[in-house]
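Dear colleague,

I am passing on the structure below, and my notes on it follow. Please read them beside the model.

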Amino acid sequence: MRVLVAMSGGVDSSVAAARMVDAGHDVVGVHLALSSAPGTLRTGSRGCCSKEDASDARRVADILGIPFYVWDFADRFREDVIDDFVESYARGETPNPCVRCNERIKFSALAARALALGFDAVATGHYARLSDGRLRRAVDADKDQSYVLGVLTAEQLRHALFPIGDTAKPQIRAEAAERGLAVADKPDSHDICFIPTGDTKAFLGARIGVRPGAVVDAGGTVLAEHDGVHGFTIGQRKGLGIPGPGDDGRPRYVTAIDAETATVRVGPAEDLEVWELTGERPVFTSGVEPSGPIECQVQVRAHGGITDTVAELRDGKLALSLRAPLRGVAPGQTMVLYRPDPDGDEVIASATIAR
């Protein structure tokens with residue numbers, strides 16, 4: 001089988017490529033250039049997709065003895081991920097750029113080019129598993145990335161491979177060291193790759209500009225002024241610009257954001273609880289829509305935000321009734337549905353939270 005491996009320059013995709021070679025596939029490595037002006041060096045876990053990362057990926061490919069290329073996806077990444085991220089925050093939403101990158105870049109644009117060139121599949125270093133075409137959580141629960149892959153369609157999954165999803169991260173590092181790969185101890189990237197400084201508010205402010213508005217309490221009393229709703233997310237407690245806790249002495253959190261009026265509402269923690277969710281643009285990983293209500297679990301953040309729920313498709317949207325409330329859920333986030341299974345929780349659907 002001809003396999004294209006997306007090589008970020010990290011330990012995970014490097015071991016994924018090595019395993020594909022060991023399996024006897026015809027393997028080619030490709031590094032995605034996602035910035036028109038990548039930084040010369042990354043600093044620890046800050047950012048990724050730098051020139052250093054491309055060089056690391058090339059060295060691994062040389063050791064494995066596979067062809068290696070750098071493909072320029074900077075324009076597509078800017079339009080489909082960065083611009084989408086900025087526009088979503090300007091609307092008062094909280095998007096996940098990793099979800100969009102997987103959906104629109106790695107398993108759409110990249111996969112389409114790979115298939116057009118005669119490859120059978122695209123392999124990545126994601127921590128997730130595929131069995132009989134079904135997407136499942138990784139063995140390493142702490143590193144599981146099935147959430148950010150939950151937006152993939154049945155057709156995209158049919159041409160995807162996740163070679164390391166059956167292995168815990170410490171073993172992956174040990175395997176890389178045994179293979180003599182210099183990336184064995186390379187730090188993981190924990191930041192949004194296109195904001196290596198880690199200052200999301202400054203990044204957004206430079207692109208959205210000043211859009212002043214008010215921070216108000218549940219009764220509508222103005223507590224403070226702000227420069228733009230992009231500086232806030234649902235559930236945020238710090239950096240609100242308000243004079244301390246409420247009259248009851250308890251901390252206040254962002255409970256609602258209205259981008260049209262530039263209003264940020266704050267209130268007590270219990271005001272964050274939600275019992276129902278509505279998701280737009282649903283994707284069913286099996287390719288088959290459910291015929292009725294589904295008992296399952298929903299996850300609304302990459303790590304955490306999980307509860308039992310009943311999901312139903314209504315007028316083209318996913319409607320969820322939660323068995324227990326979730327806090328800090330915001331429009332723009334992705335909700336991913338799982339079916340508990342002895343062989344590993346199976347991803348069955350996803351949607352973008354609208355309400």
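Glu346 forms a salt bridge with Arg134, and the closest N and O atoms of the two are 2.9 Å apart; the term stands here for a side-chain nitrogen of Lys or Arg within 4 Å of a carboxyl oxygen of Asp or Glu. The model is a predicted one, in which local features need pLDDT of at least 70 and side-chain atom pairs count only at pLDDT 80 or more, whereas totals for chains, interfaces and linings use all residues. Residues are numbered from 1 along each chain as its sequence is written, and side-chain values use heavy atoms, with hydrogens and water left out.

The chain is divided into domain 1 (2-179), domain 2 (210-267) and domain 3 (272-353), with bounds that come from an automatic or database domain assignment. Between domain 1 and domain 3, the C-alpha centres lie 25 Å apart, and 21 residues of domain 1 are in contact (heavy atoms within 4.5 Å) with 28 residues of domain 3. The area buried between these two domains is about 1900 Å², of which carbon and sulfur atoms give 48%; buried area is the accessible area (1.4 Å probe) that two parts lose on being put together, summed over both. Arg136, Arg137 and Tyr147 supply 37% of what domain 1 buries against domain 3, more than any other three residues.

The count of salt bridges between domain 1 and domain 3 is 3. On the domain 1 side that touches domain 3, the elements giving two or more residues are helix H4 (97-116), strand S6 (134-137), helix H5 (146-149) and helix H6 (154-158), where helices (H or I, at least four residues) and strands (E, at least two) are DSSP runs numbered from the N terminus. Strand S6 gives the most to that side, with 4 residues.

The side chains of Asp341 and Arg136 also meet in a salt bridge (3.6 Å, N to O). Asp341 lies in the loop between strand S16 (334-339) and strand S17 (346-353) and Arg136 in strand S6, so the pair ties together parts that are 205 residues apart in sequence.

**An open sheet**

An open sheet of 4 strands has the order S9-S8-S11-S10, with mixed pairing, two strands being paired if DSSP finds at least two bridges between them. Its edge strands, each pairing on one side only, are S9 (222-226) and S10 (253-258). S10 pairs with strand S11 (residues 263-267) in the antiparallel sense over 5 bridges, and Ala256 stands opposite Arg265 in S11.

With best wishes
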